[in-house]
Amino acid sequence: CVTGAEAGLGLATTAALVDAGATVVMGCADLQKGQTVASTINGVTGKQSAVACGALDLGSRQSIGEFCSSLQHLLDREGERLEGLVHNAGVMGLGTFTPTADGEEAQWAYNYAGPFRLTLGLWSRLVSDDTKVICLTSTSHCTPDKPLDLSAVNSKATYNGWGAYQQSKLAALLFSNELNRRLAAAGSGATSRAVCENDKYFYLPQLLLPDDKAALSKGPTTTLAALSGLGGGGSYLVDAQVGIPGQHSRSEADARRLWEWTLARL
């Protein structure tokens, strides 16, 4: 399952996975666009079940709940495992405070809180299926390298666009680390990795551009490497190799505090 799958990096990830033989469920904020993309991919591959598409607004608790129910039903009906969950969808560059459908600051919601809720909505499936969870973060989680500050979350009065983005990506990394610890404590083989796709350029693989062979690459290499098991659970991956995250992203105390704080606001 890939979130934000109808455009950009999510689309590149979806196409690359299908190209490698996977079946992908696309979580799409723009369902109509997602359905068009899914139809295109299925048409190129000739496998009409290669891609399925569902509406998913990570800024809406209701949408997340409905998507979780639909995905569980689909997996049960098809007798399939959830092998990977890629938290790709995200928002950046918001200069003014922008609320979601639920009233949260958009960068925090789409980059962290929404993926947290989606993960908990699929918790039993992740544990039973030994799912690999991939959390997209950014090098901005440590530029500047500031500690987690929950006092400023969703505050319109103190809003700073870049600061909010940095904190949301720090939260995504802390979440990935804590999720990995909790999956292990549950006795599951499921793992979580934080991924920074810092490649300079992305191109859709040949799957979607069969007549444009001059400017194609293998797509999101770090995400694909993570799904293949690079680094092991709890890793931070950048440029398709294990990296060293910022100091404040390594705080287990902050990761636990963030988890409990968010859990209380489900």
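Colleague: Why is Phe-97 called buried?
Modeller: This is a predicted model, and in it the relative accessible area of Phe-97 comes out at 18%. Buried means under 20%, so Phe-97 with its 18% counts as buried.

Colleague: And what makes Tyr-159 buried?
Modeller: Its relative accessible area is 19%. The cut-off is under 20%, so Tyr-159 is buried too.

Colleague: How many aromatic pairs turn up in the whole structure?
Modeller: Nine, from a search of the whole structure. One of them is Phe-97 with Tyr-159, 5.7 Å centre to centre with 85° between the planes. Centres within 6.5 Å make a pair, and planes over 60 degrees apart make it edge-to-face, so this pair is edge-to-face.

Colleague: Why is the pair of Tyr-112 and Phe-116 called tilted?
Modeller: The ring planes meet at 55°, with the centres 6.0 Å apart. Stacked needs under 30 degrees and edge-to-face over 60, so at 55° the pair is tilted. Both residues lie in helix H4, four residues apart, about one turn, and both are buried. Ring pairs also link them with Trp-108, Phe-175, Trp-259 and Trp-261 into a cluster.

Colleague: How do you know that the span of helix H2 agrees with what its residue count should give?
Modeller: H2 (residues 31-45) has 15 residues, which should span 21 Å at 1.5 Å a residue. Its end C-alpha atoms are 21 Å apart, so the two agree.

Colleague: Which residues of H2 are buried, then?
Modeller: Gly-34, Val-37, Ala-38, Ile-41 and Asn-42. Seen down the axis, the buried residues fall within an arc of 130°, so they line one face of H2. They pack against helix H1 (8-19), strand E2 (24-28) and strand E3 (51-55). Exposed Gln-32 and Gly-43 are on the face turned away from that buried side.

Colleague: What about helix H3: which residues there are buried?
Modeller: Among them are Ile-64, Phe-67, Leu-71 and Leu-75.

Colleague: What makes you say that the buried residues of H3 line one face?
Modeller: Down the axis of H3 they stay within an arc of 165°, so one face it is. Their cover includes E2, E3, H4 and helix H5 (123-129). Turned away from the buried side are exposed residues including His-73 and Arg-77.

Methods: Residues are numbered from 1 along each chain as its sequence is written. This is a predicted model: local features need pLDDT of at least 70, side-chain atom pairs count only at pLDDT 80 or more; totals for chains, interfaces and linings use all residues. Side-chain values use heavy atoms; hydrogens and water are left out. Buried means under 20% relative accessible area, exposed over 50%, partly exposed in between (1.4 Å probe, protein chains only). Helices (H or I, at least four residues) and strands (E, at least two) are DSSP runs, numbered from the N terminus. The expected span of a helix is 1.5 Å times one less than its number of residues. The arc is that of the directions from the helix axis to the C-beta atoms. Contact means heavy atoms within 4.5 Å.
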